[in-house]
Amino acid sequence: MGVDLFFVLSGFLITGILLDTRRTKGYFRNFFARRILRIFPLYYGVFLLLFLATPFLHLQWHRGHLLFLVYLGNVAYMMNTSLATVVPDVSLLHFWSLAVEEQFYLIWPCIIFFVACRRRLAWICVGLSVLALAIRISLLATLPAWYAYEWSYALLPTHMDGLLYGALAALWVRSRSAESIQPIARRMSLAAGVALAGIIFIGGFNFHSRSMTIAGYPILAALFASVLLQALVPHSWAFRLGNVRILRFFGKYSYGLYVYHALFFPGLGRFMPVLQRECHSIILGGLLYVSLVFVGSVVAAVASYQLYEKHWLALKRYFEYKEPASAEAHTV
């Protein structure tokens, strides 16, 4: 569910940036340069380190892994599930969501640039969301269950609801004040919460269920979009939650946490039975293992940001966004 929240946040922020800079000089250059400086250095840096460590870790690369270098890892995994792992110690499976993000970044700026009418953009979001639903239903009707669920989960055309609902939220707050939206946002979050509870009651928390695949993605997108809209108003519960210091800390280092947290699962996973045996408890050993991996991921993410990433991010100053194209956008 955290992935769906991230998609909503990304759709909202990226769409807002694109709307506000659409008529400025360097629209495409600044957007892509800033995205590249945020994402590429760490992503490709990790792949470079893995490649250099290949003789020591005895990693077994295949030609299909090249697709991860062009952000098609989700497609590669759908074609050959063994590509999710670089045997014996490295997992690339979690990069499916980054691939979805990058594919969205390539397409969405062009759509916003060529579609000037915001009402038309909103209808495009609605239409694409309906299309995603139709594709998921078609996959469930024609493919074996595992393939239908995986294809529905890990591809942009089938799992773009969060990105689109975030984009709709960005369009909405540029046509009305955030305060006037609050009553609708609260009702929407309540309705989506009840609907999500119903889906969980029917199919549990398993994303590989018909109820989640068909209705869960748009419901989660609506829930998180409504919470995001409430967070735009100072002193609301969502605003206060978003300003909790520990959450802001994890927000700052979230990209590094994302990259590192599952990278060595295949190798590190071998230590969990050892810890369980030493603790004489499956539960305590498992909790200790999770705690150690969590702390290690945080340390790696903080060190990576402070020693490496922030120097690339400093280059964003050469690609500053210009002033918003309209007084309305500036006010928002």
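**View 1. Asp 20 is buried in this predicted model.** The relative accessibility of Asp 20 is 15%, and the cut-off for buried is under 20%. Its salt-bridge partner is Arg 174, with the closest N and O atoms 3.0 Å apart. Asp 20 belongs to helix H1 and Arg 174 to the loop between H8 and helix H9 (178–203), so the pair ties together parts that are 154 residues apart in sequence. Arg 174 is also buried, at a relative accessible area of 10%.

**View 2. Arg 38 and Glu 309 form a salt bridge.** Their closest N and O atoms are 3.1 Å apart. The pair links helix H2 (residues 27–52), which holds Arg 38, to helix H16 (residues 282–313), which holds Glu 309; these parts are 271 residues apart in sequence. Arg 38 counts as buried at 18% relative accessibility, and Glu 309 is buried with a relative accessible area of 3%.

**View 3. Arg 270 meets Asp 89 in a salt bridge.** The N to O distance is 2.9 Å. Arg 270 is partly exposed, at 47% relative accessibility, whereas Asp 89 is buried at 15%.

**View 4. Helix H6 covers residues 118–142.** Its 25 residues should span 36 Å at 1.5 Å a residue, and the end C-alpha atoms are 36 Å apart, which agrees. Buried residues of H6 include Leu 121, Cys 125 and Arg 136. The buried residues of H6 pack against helices H1, H5, H7, H8 and H10.

**View 5. The largest nonpolar core has 70 residues.** Among those with the most contacts inside this core are Phe 68, Phe 95 and Trp 108. Helix H10 (residues 210–231) gives the most to the core, with 11 residues. Trp 108 touches residues including Leu 18, Cys 125 and Leu 164.

Key:
Residues numbered from 1 in each chain as written. Predicted model: local features only at pLDDT ≥ 70, side-chain atom pairs only at ≥ 80, totals over all residues. Heavy atoms only, no water. Core = buried A, V, L, I, M, F, W, Y, C linked by side-chain atoms within 4.5 Å. Buried < 20%, exposed > 50% of the residue type's maximum accessible area, 1.4 Å probe, protein only. Helix = DSSP H or I, 4+ residues; strand = E, 2+ residues; numbered from the N terminus. Contact = heavy atoms within 4.5 Å. Expected span 1.5 Å × (residues − 1). Salt bridge = Lys/Arg side-chain N within 4 Å of Asp/Glu carboxyl O. Lists of a residue's contacts leave out its neighbours within four places in sequence.
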